[in-house]
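I opened a new page for this structure. My plan is to look things up one by one and write down what I find.

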Amino acid sequence: MMGAGPVPIPSRVAAANSIVINHLGETMSRVIEQVQSMCRYVFQTQSRHIMGIAGPGSAAMEMAICNLVWPGRRILSICNGYFSLRFAEMASRVGGIVTILDVDEANAADPEVVRRYLSTSQFDVITIVQGETSNTTWNSSLQEIAKIGREHGALVIVDAVCTLSTLPLQMDGWGIDCVITGGQKGLSCIPGVSLIAFSDRAWIDIECKPIKTHQWCLDALLADQFWNKKSYHYTAPVSGILALHEALRLVINETLQARFERHMLCSTSLQHSLEVMGLKLFVEKPARLNSVVGVCIPDKLDGGNIRLLMSQRHRVEIAGSFGLNIIRIGQMGEQCRPHNLFRTLHALGTSIQELGGAIDLPSGMAELERGLNSFPC
Ligand SMILES: Cc1ncc(COP(=O)(O)O)c(C=O)c1O
């Protein structure tokens with residue numbers, strides 16, 4: 001599972017996910033408190049408004065949007081890919097007046113352009129995706145953009161589905177008002193459970209909202225009943241929350257700093273070895289996302305055939321893309337282990353060779369070995 005998610009999960013996470021407990025019992029209350037407290041570290045926040053969601057990353061995006069956007073609210077959606085456009089679509093569906101700031105393909109959003117938009121029009125909310133998994137672009141100036149948003153009085157919503165715990169993000173330090181993530185990517189947990197954190201500023205807007213949130217399951221005020229007041233909202237996905245609890249605990253054991261370094265080392269080693277092998281990466285630095293690496297498909301080859309051969313012959317799954325002529329290799333959580341990288345690079349190289357592509361496989365493998373030499377034992 002070396003695609004853009006879901007990613008392999010540690011056996012301890014799988015074991016936690018096999019347990020069912022009373023969703024309103026004392027044990028669950030303790031689990032919830034611990035999940036929130038561990039999230040404070042992982043999201044780098046002191047927020048008291050952290051909740052889990054029974055649903056995919058898109059449900060977490062929708063929860064952010066449907067609680068903070070309503071008819072008449074003005075939204076600036078910074079769009080450099082498929083998932084940032086999803087935010088814009090969700091915001092317009094709940095009646096927001098959406099302006100799309102279209103960023104050129106494979107480029108990060110420019111803070112000065114964001115400033116220009118905010119100086120000429122008033123916006124209540126900004127949406128941005130930290131790592132656009134769809135085309136492997138990294139919004140490397142997120143911190144600056146969040147600061148500009150705050151200076152102009154806009155709430156900043158960040159999708160950190162593939163980046164949380166793989167790349168630095170400081171919710172409080174950078175002044176972000178809402179961060180969402182899914183289980184199945186950076187956290188190396190299961191798909192189908194997600195997390196959201198609101199700032200106090202965002203929470204005031206939610207409490208003062210002029211209309212009720214239309215979506216019942218995603219209503220933050222109702223979810224708060226379960227997550228902070230020990231009462232019933234809907235039957236919580238207890239096994240999924242236990243899996244999240246274990247995944248967060250593993251992040252804490254490793255520490256964020258060590259985890260960022262592991263991801264950086266693995267991803268950059270992979271990137272260099274792909275280039276040494278003769279392949280071209282889709283996004284140039286500094287907008288290149290480390291969490292998912294986009295590789296251009298060599299001339300005259302078909303990405304689908306490469307992936308099929310890798311899957312059938314080598315049992316290695318990587319991802320295609322949303323209409324782009326690239327293949328994507330995930331570098332999130334358990335994917336960032338040397339044995340997974342060696343196997344993936346070898347499977348990719350031999351598949352390309354078999355399909356007639358010219359590739360320098362030995363040099364690529366040697367470069368990977370050199371790059372991963374300093375991987376901590
Ligand atoms: C950056 C990003 N945001 C949101 C999502 C949506 O998550 P899900 O597919 O779990 O709904 C994805 C999924 O790939 C993603 O990569």
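Entry 1
Does T136 count as buried or exposed, and at what relative accessibility? I read 1% relative accessibility for T136, so T136 counts as buried. Buried means under 20% relative accessible area, exposed over 50%, and partly exposed in between, with a 1.4 Å probe and protein chains only.

Before going on I noted the ground rules. This is a predicted model, in which local features need pLDDT of at least 70 and side-chain atom pairs count only at pLDDT 80 or more, while totals for chains, interfaces and linings use all residues. Residues are numbered from 1 along each chain as its sequence is written, and side-chain values use heavy atoms, with hydrogens and water left out.

I then looked up the backbone of T136, where phi is near 65 degrees, a positive value in a residue other than glycine. T136 sits in the loop between β5 (131-132) and β6 (137-138). Helices (H or I, at least four residues) and strands (E, at least two) are DSSP runs, numbered from the N terminus. S165 also has a positive phi, near 75 degrees, and lies in the loop between β7 and β8 (178-182). At 1% relative accessibility, S165 counts as buried.

Entry 2: cis peptide bonds.
I found a cis peptide bond from G5 to P6, with omega near 5 degrees. P6 belongs to the segment before α1 (11-16). K285 and P286 are also joined by a cis peptide bond, with omega about 5 degrees. I located P286 in the loop between α10 (256-277) and β10 (292-296). My reminder for both entries so far: most residues other than glycine have a negative phi, and most peptide bonds are trans.

Entry 3: the sheet.
In what order do the 7 strands of the open sheet run? I read the order as β1-β9-β8-β7-β4-β2-β3, with mixed pairing. Two strands pair if DSSP finds at least two bridges between them. The edge strands are β1 (49-54) and β3, each of which pairs on one side only. Neighbouring strands of this sheet are turned by 20 degrees against each other on average, direction ignored. The axes here are lines fitted to C-alpha atoms, for helices over the stretch in contact, and angles run from 0 to 180 degrees between N-to-C directions.

Entry 4: strand β2 and its partners.
I counted 5 buried residues among the 6 of β2 (residues 74-79), so β2 is largely enclosed by the rest of the structure. β2 pairs with β3 (residues 97-102) in the parallel sense over 6 bridges, and I78 has L101 as its bridge partner in β3. Between these two strands the chain passes through helix α4 (residues 82-93), and this β-α-β crossover is right-handed. Right-handed means that, with the strands pointing away from the viewer, the path from the first strand over the helix to the second runs clockwise.

β2 also runs parallel to β4 (residues 125-129), joined by 3 bridges, with I75 opposite V125. I followed β4 on to β7 (residues 155-159), where the pairing is parallel over 5 bridges and I128 is partnered by V158.

Entry 5: the ligand.
I listed 13 residues surrounding the ligand, and the closest are S58, T133, D159, Q184 and K185. A residue is near if one of its heavy atoms lies within 4 Å.
- An N or O atom in the D159 side chain is 2.5 Å from a nitrogen atom of the ligand.
- A polar side-chain atom of K185 is 2.5 Å from a ligand oxygen atom.
- A polar backbone atom of G57 is 2.8 Å from an oxygen atom of the ligand.

The protein covers 86% of the 390 Å² of accessible area that the ligand has on its own, by the Shrake-Rupley method with a 1.4 Å probe.

Key
Polar contact = N/O pair within 3.5 Å; in protein donor to acceptor, adjacent residues only side chain to side chain.
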